[in-house]
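Dear colleague,

Please find below the structure I promised to pass on, followed by notes on what was found in it.

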Amino acid sequence: MSSAVDSVVNGGISYWYADDGLPAPREPLAGDTSADVVIVGGGYTGLWTAYYLKKAAPFLRITVLEQKFCGYGASGRNGGWLYNGVAGRDRYAKLHGHDAAVRLQKAMNETVAEVVRVAEEEGIDADVHVGGVLEVAYTPAQLARLEAFHEHEKSYGEKDREVYGARETAERIRVADAVGSTWSPHGARLHPVKLVKGLAAAVEALGVTIHEQTPVTEIRPKHAVTPYGTVRASYVLRCTEGFTASLKGQKRTWLPMNSSMIATEPLTDEQWAEIGWEGCETLGDMAHAYMYAQRTADGRIALGGRGVPYRFGSRTDNDGRTQPATVEALYEILVRFFPSLAGVKVAHAWSGVLGVPRDWCTTVTLDRSTGLGWAGGYVGSGVATTNLAARTLRDLVQQDSGQAGATELTALPWANHQVRKWEPEPLRWLGVHGMYATYRMADRRELATHSAESSKLARIADRVAGRH
């Protein structure tokens, strides 16, 4: 193992918590009770839903139930990419027409600004920097995909997107061998934990009740069941993302996909001068097994990728601990992008799970016959999408209860979209591990051959995934 990663702090939930500290614990549920709305899950989706529902209807009695503490899951472990990507848009275009998907994309573009607006209004200092999203290509095949991706995004109405050649890319950031990039203004870097802590505090200030250390074991119409008692409510909203499989009857609903990250020690001014990156854009690439990174407010690089993608039986980890081989692989990506950082120390490594539906489509649903609702399946694009999903869920609840009529959000194509379940084991494990092994093999082949054509292996993996 490289000496650069031999003293890494591994796990402990995430670097973001190591930086900002764990939250003061809130009380668990004290027994049976009732509410108008009970929200299961204290991450971004649950907190945003509580926030917007309480803002729209202050008289509602809203209770949030969280198994550990608010932000314990993906909301406190992600890469801090507040951007306009949404999983499933192309499929929604096929199912509902191109214009419907354009409306979804427009709503996502606006959501980035909405999160920034609420953070400012609520006094949440989450290290937000609106620098946009920069995605780079460093092989001929990646460049061909990047150019096609750029045109594809423009077809969904993103006319303010820009494309750069090698020289213009280097003026923004000096990624080794970069031959081109595309940039969207609809993106920002942020500190995930500062956002989730601030949002939880804002929700409590509005009068929402939050119970932590209260795992929900079963959801059924008008009931959220916990070891400490049952909350009865007209609406029970499931906002559990990668932890959904732990609920009774939900084992195959969404697959908990693992994603891992590292954060370097703070870089010196000289190192930053070598790299560039003055715009603090969120950074991604066009590899099949892609990476994502940000320049943190305290001068580190936080970088992530898939690592070990899935644990047998939809199991999830407890504290974010990451396999040494994954830490080493992420470090290799860092140095591959920025060779001048060879030898820089990795300070922290961690992992978390994201929710993946079988058709890779984010959904927002309210069953009007039972009062059961849910939002999620963000496939790693949840920092912004959770906000739009929560506002959509708010509108569906208000429409059902007669407080409001249909809205632009309830007409979005993801509303009430139905998804089939994942295959039983061992097919899930074999399929996911085989898919990502094939993507990595495709990336290696493209690097070795310098062909301008994407590897056929990636198309095989896409078919296994059900993405096409």
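The side chains of His186 and Asp160 are joined by a polar contact of 3.0 Å, a polar contact being a pair of N or O atoms within 3.5 Å, where within protein one must be able to donate a hydrogen and the other to accept it, and residues adjacent in sequence count only if both atoms are side-chain atoms. This is a predicted model, in which local features need pLDDT of at least 70 and side-chain atom pairs count only at pLDDT 80 or more, while totals for chains, interfaces and linings use all residues. Residues are numbered from 1 along each chain as its sequence is written, and side-chain values use heavy atoms, with hydrogens and water left out.

His186 lies in the loop between strand S7 (180-184) and strand S8 (187-189), strands being DSSP runs of E with at least two residues and helices runs of H or I with at least four, numbered from the N terminus. His186 counts as buried because its relative accessibility is 16%, the cut-off for buried being under 20% relative accessible area, with exposed over 50% and partly exposed in between (1.4 Å probe, protein chains only).

Helix H2 (residues 44-56) is mostly covered, with 11 of its 13 residues buried, among them Trp48.

Best regards
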